[in-house]
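Subject: Handover of a structure

Dear colleague,

Please find below the structure that I am passing on to you. My notes on selected parts follow it.

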Amino acid sequence: MARTLSRRTLLRGVFGGSLVSLALPPLEAMLNSHGEAWADEPGPIRRYGVFFWGNGYAWNTRGRADRWTPTSTPLGWTPSEQLAPLGPDAAGRSMTDRVSVITGLEPKTDIPATPGGQGDGHMRGVAVALSGDRPRSEGFHHPDHIFALNRPTLDQVIARHPRFYGTTPRFRSLELSVSNNRFHDYGTWTAISYNDQESQNLPIRSVDALFDQLFAVRSDDTTDRALLLDAVADDARRLQGLLGARDRQRLDAHLEHVRTLQRELTDAQAACQMPSRPGRAGGFDGTAGNEALLDKVDAMARLLALALQCDMTRVFTMMFTGPGSQTVFRDVGATTGLHQLCHDENWELSRRATIYSMQCFRRLLDILAATPDVGGGSVLDHTVLLGTSEFSAGDVHEVGNFPVLLAGGGSGALRPGAHIHMPDGNLASVHLTIQQALGLGVDAFGFNGGQTRDAISQLLR
Amino acid sequence: MQTLPRCLALAAALLGCNGVVGDRPTSPGANTATARAGNEHPSAVLPTFAPAGPVLATLTTTQYRNAVSDLLGSGLPDVALEPDTNPYLFTAIGAARSTAAERTVRAWETAAHRLTEAAFAVPERRVALVGCTPTAPDAPCVRAYFERFLRRAWRRPATVEELDRFVALSRRLGARDAWTGVRYATAAALQSPSFLYRVELGAPLAGKPGRRRYTAYEMASRLAFTLWNSVPDDALLDAAARGALDRDDTLRTEARRLLRNPRARSAVRAFFVQYLGLGALDGLARDPTLYPEVTPALAASMREEVERLVEDVVFTHDGDFRAVFSSTSTFLDARLAGLYGLAIPPGAEGFTRIDLPLDSGRGSLLTTAAILAVTAHPNATSPTARGRYIRERLLCERVPDPPMNVPLNLEAGDSGVRPTLRDRLERHRRDPACAGCHSRTDPVGLGFEDFDAIGRRRTMESGRPVDARGDLDGVTFVGARALGEILARDPRVAACVVRQVYRFATARLETDAEAGVLADLEERFAARNYRFLELLVELVASEGFRTVADEGR
């Protein structure tokens, strides 16, 4: 099928220190991925995103000063050393007015006594940060390689919420992974987005794959490929009746993916700004210990921003580094993975790695802020973007003073630019705040001891 | 909060470690091997057998690749698939528990087209596959092809109705070109759940309510995926058709036939790679400033050494499996020989069997660079990790994670003299919060201190002679090789491998009601002099492998 290219208008400007081209937003008459005009949809477009980094921040425990918590000011906050990348850049532009920092929070979910060790470990941190629940107890046997979430992660709760999408999006969500390093060879540590306990949304791990999924020109056999999937779906339905409830659900999910694929193959492609395929000498992926992380964030974020602008999806997660990741931060002079550096108490390199991670977060914010949106403003203005990790002080697997950054304007629902200090506050209040900012009509959130009805009112308009 | 109050941490530690060993298993990961202390006859104390519920596993990436190669022929392009998960060590268990991700389904769709395009691109090749040059997309020979192809791909005969649908699909998509129709319908067969899922439901068993027996074709599938990591061949499906898989003796005969096929070697290799955690060698993280010699190629050689060592014991000698722990020879290529400081015969290419001199300190699986590297940190050895590996992987015991908020590093001390790791680990023994668990791991792992984090022999550490004295449950030893000899005689090791291979084969954890099956397999393993292939034959002939709970549908 021929691809429709919209009128391309380029906006030139200095961006991230280099000259870039930015696409202007689609015209109001442009269609979304289903051919319906946006104008028919109720309310403003709101989006949700996650930027996740592994291993927490460089710690403030055991005699180290706190280099994470920012200083509150009457108008907002002044970055701490580790949050400095969110402050003024070389051109003097700051992101502190677009990002709120919430400090003092900790997960309140209970910690079952058996099997032991459930208060610890990367899994609880990821589970509480992204799902608002503790993990399942069976997940606590280190060599068993289980990442046992108890429920869907918040991104999928939002993406599947009946109030969130007016029409079926082209992609219910996009999952991206930047660093290719993993915690050992644990296959279940490859995703931070879950539909359900055993149902991961595996991330797109390469810039090329992301480009192909969003923008590649279709081959001419898509109609036949889609038609053939009818036969596949027929076979699946025949099998359904023979299966137990759990396996039937698994096959249902598989069928849903088949239908998604089928829709993608047959639907009219959205009239989006068509970027050229990102390139980089040596590629974006590098090898273990030699990853160009900032460049890869940059390339992925640009493609992501266009996908959001074009309303291909409204939910995304960017796993910058994985939970417990052994990502080697080459660009700050590290030669050993961050997980090891933390446990070796290599504070200096851990500190630099945290700052570098915040530079990457900043790059994502810059790109979303520089991408104009449909109804005016920037893509970031219409997004609620959670930046978080699985720990605070990674060296001791601490979860007190959890790192929480909340960026974007949420189409006016979110009041960014604040530092909210909530000593012993409930981490789930962030999740509740996010859902309220997205207009989901949710008045409580949290599980297994972590329930709260208190959103962070200072952050909501 | 910096650290937990001492008493709390202590309580957690005591609960965590002392509560596990010797107890009845209370959780899936717990140990049945130590549960039967006292050497009484196992079946006397074990619960009555009842089969476990059904599992619906997808093909693992390896099974998918093997299967399409068996179905379409070798030399196909490598297709991108999403990585397997490996809960409880095994990708088959991950495939049985995980819901297929959207990207996985996407990858299967792309792969089915790329593979069939390649298989149908060359005229001779497609004629050989289909068995004719079809005059029409629904010609009789096309129907005959799908009858053959679907039987093997789906591990059962297709129904008439299914055949009709595939021929109709071929007709519909082959309007312009018959080959295109056949190719598309083949791609559809490879995306069908009947191919991608192992649908094994069983049939009611007369006189045994609540129990179903896997059908002959399901048994063919189970045998093939367990012993070949792939789909059955036509001979195995023929054996199923004539009832040869319903009887113990002919089932064993068929299993032995499969084990003589080279596919069995790769399946057994796959088991040991997963069991021993050698997947960690793919992308092995080592600090290049400390270990500049580590390259992906060296890590691949490390893995290959273990696979060859296992294959030699299991297949070439068909001998006592425990010999992998006491072997005095191994297989090295030039890279590994360089790492080990050993010579290989001039002119030798690839891997060569090398007899290990006594003064090399090597001999046994435990002295392979692979095992030594996957149990070390990126920048140092870890006696704790190595001890834990012995306890958990090889003895099937359980060592919990450290209690929360405990600093996990060991201070270097302030005496001015750089302490050895052994000195630093003293803290684990002095501090009662740590000692509960570390007394079970560290004394074992310290016996490996004669090898560094990439498996090089060393005689000095931190400027002092290496002290590689170790202790496993009161049995003292010096050096990893000596520990290997101890493990070769330890009954827990054989019991552990039985349990692990049972999980690998059934794609699930064993249930309490299967303890008798495992105990019986342990006895049969011993009675057959610990020949691993015989263990596999007995496993596939066991009731646990052949029956499934009737869940009343």
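**Helix H22 of chain B**

The buried residues of H22(B) are Ala480(B), Arg481(B), Ala482(B), Leu483(B), Gly484(B), Ile486(B), Leu487(B) and Ala488(B). Please bear in mind that this is a predicted model. The helix spans residues 480-489 of chain B, and because eight of its 10 residues are buried, it is largely enclosed by the rest of the structure. The elements that cover these buried residues include three helices of chain B, namely H16 (323-326), H19 (383-394) and H23 (491-506). Strands S9 (469-472) and S10 (475-478) of chain B are also among the covering elements.

**A three-stranded sheet in chain B**

Chain B contains an open sheet of three strands, ordered S3-S4-S11, in which the pairing is antiparallel. Strand S3 (203-204) and strand S11 (547-549) of chain B form the edges; each has a single partner strand, so one side of each is left without a neighbour in the sheet. Strand S4 of chain B, residues 211-213, is joined to S11(B) by three bridges, and the two run antiparallel. Within this pairing, Arg211(B) has Ala549(B) of S11(B) as its bridge partner.

**Strand S6 of chain A**

Turning to chain A, strand S6 comprises residues 99-106 and is mostly covered, with seven of its eight residues buried. With strand S13 of chain A (residues 419-426), S6(A) pairs in the parallel sense, over five bridges. Ile102(A) takes part in both pairings: this residue stands opposite Val404(A) in S12(A), and its bridge partner in S13(A) is Ile420(A).

**Ala153 of chain B**

Finally, I would draw your attention to one residue of helix H7 of chain B (residues 140-153), Ala153(B). Is Ala153(B) buried or exposed? There are 23 other C-beta atoms within 10 Å of Ala153(B), and the cut-off for a buried residue is 20 or more, so Ala153(B) is buried. Leaving aside residues up to four places away in sequence, Ala153(B) touches Leu71(B), Ala189(B), Leu190(B), Phe195(B) and Val231(B). Val497(B), in contrast, lies 344 residues from Ala153(B) in sequence and 31 Å from Ala153(B) in space, C-alpha to C-alpha.

With kind regards

Definitions and conventions: Residues are numbered from 1 along each chain as its sequence is written. Chains are lettered from A and ligands numbered from 1 in the order in which they are written. This is a predicted model: local features need pLDDT of at least 70, side-chain atom pairs count only at pLDDT 80 or more; totals for chains, interfaces and linings use all residues. A residue is buried if 20 or more other C-beta atoms lie within 10 Å of its own, exposed if 12 or fewer, and partly exposed in between; C-beta atoms are placed from the backbone. Helices (H or I, at least four residues) and strands (E, at least two) are DSSP runs, numbered from the N terminus. Two residues are in contact if their C-beta atoms, placed from the backbone, lie within 7 Å. Two strands pair if DSSP finds at least two bridges between them.
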